[in-house]
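Trainee: I would like to learn how to read a fold feature by feature. Can we work through an example together?
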Amino acid sequence: IVEIMREVSDVIPDTTLSVKSIHLQDTIARAIQDKRPIFVLLHDAKEISMSYRVISQLANYKNKAVFANVKAPSTEITERFGILRLPSLIALFTSETAATDKQDVPPDYVHLARFNEKYTFNELSKFVEQVKKFSRIIF
């Protein structure tokens, strides 16, 4: 089964946005300004979760949210977002009111959600759907 999973994983491309720690703040700011939630997978693995890669390519989310990954995040990043272990998935988003009332979204209007479940397709999908429910901007 492990070999089959590896072969399947090799076929699924990684279309997530690979970001270095020093560029993460700018990437988040652009997504928020574009009124799109951003999901950031912080990890130290050779390759990222197959389920995360698949979800990032689904038509429901493509071009409606930013799916990024940061390999070997800096201590500054892990401390800033309260990351205790890798991998960790976070989402940053604004509410509908914040996005429609102002061109530049104030930091107080940016919400952070942490994923605390197993990295399965179903659990990741639920997380993305919860963020979708609360952000209601473009989704």
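This is a predicted model: local features need pLDDT of at least 70, side-chain atom pairs count only at pLDDT 80 or more; totals for chains, interfaces and linings use all residues.

Trainee: What kind of aromatic pair do Tyr61 and Phe67 form?

Mentor: A tilted one: 6.3 Å centre to centre, with 55 degrees between the planes. Tyr61 is buried because its relative accessible area is 4%, and the cut-off is under 20%. Phe67 counts as buried at 6% relative accessibility.

Trainee: Which residues form the aromatic cluster?

Mentor: Phe39, Tyr52, Tyr61, Phe67, Phe115, Tyr119 and Phe127 form one cluster.

Trainee: Now the strands. How do side chains point along a strand?

Mentor: In a regular strand they alternate between the two faces of the sheet. Take S2 as the case. Ile38, Val40 and Leu42 point one way, while Phe39, Leu41 and His43 point the other way.

Trainee: How many residues of S2 are buried?

Mentor: Six of its six residues are buried, and S2 is mostly covered.

Trainee: How do strands of a sheet pair?

Mentor: They pair through backbone hydrogen bonds, either parallel or antiparallel. S2 shows both senses. With S3 it pairs in the parallel sense over six bridges. Ile38 has Val66 as its bridge partner in S3. With S4, S2 pairs in the antiparallel sense over five bridges. There, Leu41 has Leu89 as its bridge partner.

Trainee: What is the order of the strands in the sheet?

Mentor: The order is S1-S3-S2-S4-S5. The five strands form an open sheet, and the pairing is mixed. Strand S1 (17-18) and strand S5 (110-115) stand at the edges. Each has a single partner strand, so one side of each is left without a neighbour in the sheet.

Trainee: How many bridges join S1 to S3?

Mentor: Two bridges join them, and the strands run parallel. Ser18 has Asn69 as its bridge partner in S3.

Trainee: Which strands does H3 touch?

Mentor: H3 packs on the sheet and touches S2, S3 and S4. Its direction makes about 150 degrees with that of S3. H3 also belongs to a right-handed β-α-β unit, made with S2 and S3.

Trainee: And where does helix H6 lie?

Mentor: Helix H6 (residues 121-135) lies across S2, S3, S4 and S5. It runs at about 15 degrees to S4.

Trainee: How should I read burial along a helix?

Mentor: An α-helix has 3.6 residues a turn, so residues three or four places apart point the same way. Now check H3. Six of its eight residues are buried, and the helix is mostly covered. Those buried in H3 are Met50, Ser51, Tyr52, Arg53, Ile55 and Ser56.

Trainee: What caps the N-terminal end of H3?

Mentor: Ser49 does. A side-chain oxygen of Ser49 lies 3.3 Å from the backbone nitrogen of Ser51.

Trainee: Arg53 is on that buried list. What does its side chain reach?

Mentor: The side chain of Arg53 reaches the backbone oxygen of Ile12 at 2.8 Å. Arg53 lies in helix H3 and is buried, with a relative accessible area of 4%.

Trainee: Last topic, the backbone. What should I expect of phi and of peptide bonds?

Mentor: Most residues other than glycine have a negative phi, and most peptide bonds are trans. Look for the exceptions. Lys35 has a positive phi, near 60 degrees. Lys35 is in the loop between helix H2 (24-33) and strand S2 (38-43). Asn63 has a positive phi of about 65 degrees. Asn63 lies in the loop between helix H3 (50-57) and strand S3 (66-71).

Trainee: Is Asn63 buried or exposed?

Mentor: Asn63 counts as exposed, at 61% relative accessibility.

Trainee: Which peptide bond is cis?

Mentor: The bond from Leu86 to Pro87 is cis, with omega near 0 degrees. Pro87 is found in the loop between helix H4 (75-80) and strand S4 (88-94).

Definitions and conventions:
Residues are numbered from 1 along each chain as its sequence is written. Side-chain values use heavy atoms; hydrogens and water are left out. Helices (H or I, at least four residues) and strands (E, at least two) are DSSP runs, numbered from the N terminus. Buried means under 20% relative accessible area, exposed over 50%, partly exposed in between (1.4 Å probe, protein chains only). Two strands pair if DSSP finds at least two bridges between them. A crossover is right-handed if, with the strands pointing away from the viewer, the path from the first strand over the helix to the second runs clockwise. Contact means heavy atoms within 4.5 Å. Axes are lines fitted to C-alpha atoms, for helices over the stretch in contact, and angles run from 0 to 180 degrees between N-to-C directions. A polar contact is a pair of N or O atoms within 3.5 Å; within protein, one must be able to donate a hydrogen and the other to accept it, and residues adjacent in sequence count only if both atoms are side-chain atoms. Rings of Phe, Tyr and Trp (its six-membered ring) pair if their centres lie within 6.5 Å; planes under 30 degrees apart count as stacked, over 60 as edge-to-face and the rest as tilted.
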